Amino acid sequence: MSLSSAINTAQTIFNNTAAQTALVSKNIQNVSNADYSRRMAMLGTSGNGAQIVSIQRAQNDALMKQHSLSISQASAQDALLTGLEAVKSALGGNGYETSPSNYLKSFRDSLQTYAATPGNTSIAATTVSSAADLAKSLNKTSAAVQEVRYDADKEIDASVKKLNGLLAEFEKANGAVQGATASGADASDALDQRDKLLRQISEVVGISTVTRANNDTVIYTSDGTVLFENTARSVTFQATPGFGATTAGNAIYVDGVALKAGKGADTSGEGKLASLLQLRDETAPKFQSQLDEIARGLVTLFQENTTPATTAKPGLFTWAGSTVPAAGTTVPGMAASLTINPLAATDPTLIRDGGFNGPGYKSNTTGSSGYTALIDGFVTSLGTSMSFDPSTGLDGSSSILDFSASSIGWLEELRSGASTANDNKMAMLSRTQDALSNVTGVSLDEELSQLLDLEQSYKASAKLVSTVDAMMTALLQAVR
């Protein structure tokens with residue numbers, strides 16, 4: 001090797017070492033950055049030895065797609081569980097202490113106590129108070145359910161706006177990747193930004209991606225609707241200002257196609273939008289229908305229809321419609337307007353005697369203070385099977401006590417299943433995140449070890465330069 005070749009080789013090594021050291025330093029700087037993928041210098045050989053050919057970015061497309069899927073599934077499950085926990089909290093928490101089912105049992109106990117001492121007006125007033133508590137429980141629970149729906153609708157609106165913003169950013173990042181790829185420049189930073197946006201998008205809506213020529217990426221929803229191709233597709237949604245039992249929320253449209261809601265406690269939805277739709281349009285309305293059926297059952301069981309009257313009318317319990325609804329058919333929103341008859345507050349003995357709707361509806365025609373037939377009938381009817389709307393998801397024929405207990409059981413089973421699924425999906429997300437990090441993340445130990453290798457390479461190059469310098473000095477001295 002000539003002295004000039006040795007100098008050129010040493011210069012190449014210095015250049016390589018400087019570039020590699022800068023790359024390792026950048027890796028170490030981003031060791032805690034979850035959105036950063038490790039950079040690696042790819043070396044090739046030339047007449048002057050090894051030299052850096054390109055900078056490559058660590059990646060694994062299969063793991064990246066699995067990670068995005070895990071993010072979507074975990075985000076959807078968490079949104080569903082959060083809504084169910086809100087309903088549970090409104091019902092008193094773990095013991096469901098303030099649920100209509102508990103208040104119904106307390107009311108039944110009050111009736112039994114009153115039946116034992118029908119002449120005691122204090123107990124009659126307590127029974128009326130217990131009935132009022134039951135009605136208020138249905139009112140408050142119904143309001144809480146609609147509040148959950150309203151909150152879900154607001155979150156949908158915010159998430160859609162966020163999604164549109166992310167898609168606009170993705171369009172810029174995708175253009176930067178394509179431009180760098182076309183020019184042969186390092187696209188690593190642009191790819192990091194694009195992958196970061198994909199993960200953020202997958203939290204909002206389930207996605208799948210296809211990478212085309214020139215590193216161009218197309219995004220589809222999990223339903224197969226185009227979300228991004230060259231330009232961002234429009235995602236539209238109209239928020240609803242308030243919710244009642246008869247209010248239907250608006251759909252979410254992706255490029256004109258309605259987004260589907262998730263199904264089940266272990267939701268099939270991907271991304272929070274799908275589970276928010278499920279909560280707003282399916283889960284909460286079904287529980288609302290169960291509350292409405294409990295309210296209808298109370299009006300039906302405590303109706304008055306006594307000879308010589310021929311038309312059944314609400315008795316102790318009444319509602320906005322002021323009628324006795326047809327059997328086995330849900331009346332939407334009935335739980336929200338259920339109340340006790342105002343006359344019960346002024347004359348609580350009407351529970352014993354009847355006559356909320358006038359003398360023609362009175363059962364205790366003799367005015368006896370020991371009359372218990374009507375109260376006994378109420379107590380019996382609370383445990384007797386009646387028809388309920390099967391669309392509520394519960395037994396179509398059961399006692400109102402069993403139906404109300406089954407409603408809480410249905411909610412708790414759904415919440416418990418959602419909680420278990422949430423744990424599983426979060427664990428899967430953690431595992432896929434760790435697997436992806438092991439492939440693309442920065443290992444501080446590896447980078448420090450590489451720095452030591454680069455230090456040795458630098459020392460060898462410096463030694464080569466020192467040797468060449470000594471040889472050149474000796475040569476010059478010999479010539480002189």
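How many of the 17 residues of α5 are buried? The model is a predicted one, in which local features need pLDDT of at least 70 and side-chain atom pairs count only at pLDDT 80 or more, while totals for chains, interfaces and linings use all residues. Residues are numbered from 1 along each chain as its sequence is written, and side-chain values use heavy atoms, with hydrogens and water left out.

**Helix α5**

The helix is mostly covered, as 12 of the 17 residues of α5 are buried. Buried denotes under 20% relative accessible area, exposed over 50%, and partly exposed in between (1.4 Å probe, protein chains only). Helices (H or I, at least four residues) and strands (E, at least two) are DSSP runs, numbered from the N terminus. Helix α5 covers residues 188-204, and at 1.5 Å a residue it should span 24 Å; its end C-alpha atoms lie 25 Å apart, which agrees. The expected span is 1.5 Å times one less than the number of residues in the helix.

**The sheet β3-β4-β5-β6**

An open sheet is formed by 4 strands in the order β3-β4-β5-β6, with antiparallel pairing. The edges are held by β3 (207-211) and β6 (231-232), each with a single partner strand, so one side of each has no neighbour in the sheet. Two strands count as paired if DSSP finds at least two bridges between them. The table sets out the pairs.

| Strand pair | Bridges | Residues between the strands in the hairpin | Turn residue with positive phi |
|---|---|---|---|
| β3 and β4 | 5 bridges | 5 residues | Asn 214, about 65 degrees |
| β5 and β6 | 2 bridges | 1 residue | Asn 230, about 70 degrees |

Ile 219 in β4 is the bridge partner of Thr 209, and Ile 219 also stands opposite Phe 228 in β5. Tyr 220 has Val 226 in β5 as its bridge partner. Further along the sheet, Glu 229 stands opposite Thr 231 in β6. Strand β4 is largely enclosed by the rest of the structure, because 4 of its 5 residues are buried.

**A nonpolar surface patch**

Which residues form a nonpolar patch on the surface? The patch consists of Val 31, Leu 444 and Leu 448, which together have about 220 Å² of accessible area. Like charges are joined within 9 Å and nonpolar side chains (Val, Leu, Ile, Met, Phe, Trp, Tyr) within 5 Å. Leu 444 belongs to helix α12 (residues 444-479), and its relative accessible area of 38% makes Leu 444 partly exposed.

**The protein as a whole**

The secondary structure comes to 12 helices and 13 strands. Of the 480 residues in the protein, 44% are buried.

Definitions and conventions: Patch = residues over 30% accessible without salt bridge, like charges linked within 9 Å, V, L, I, M, F, W, Y side chains within 5 Å. Areas by Shrake-Rupley, 256 points an atom, 1.4 Å probe, with all protein chains shown as cover. Salt bridge = Lys/Arg side-chain N within 4 Å of Asp/Glu carboxyl O.
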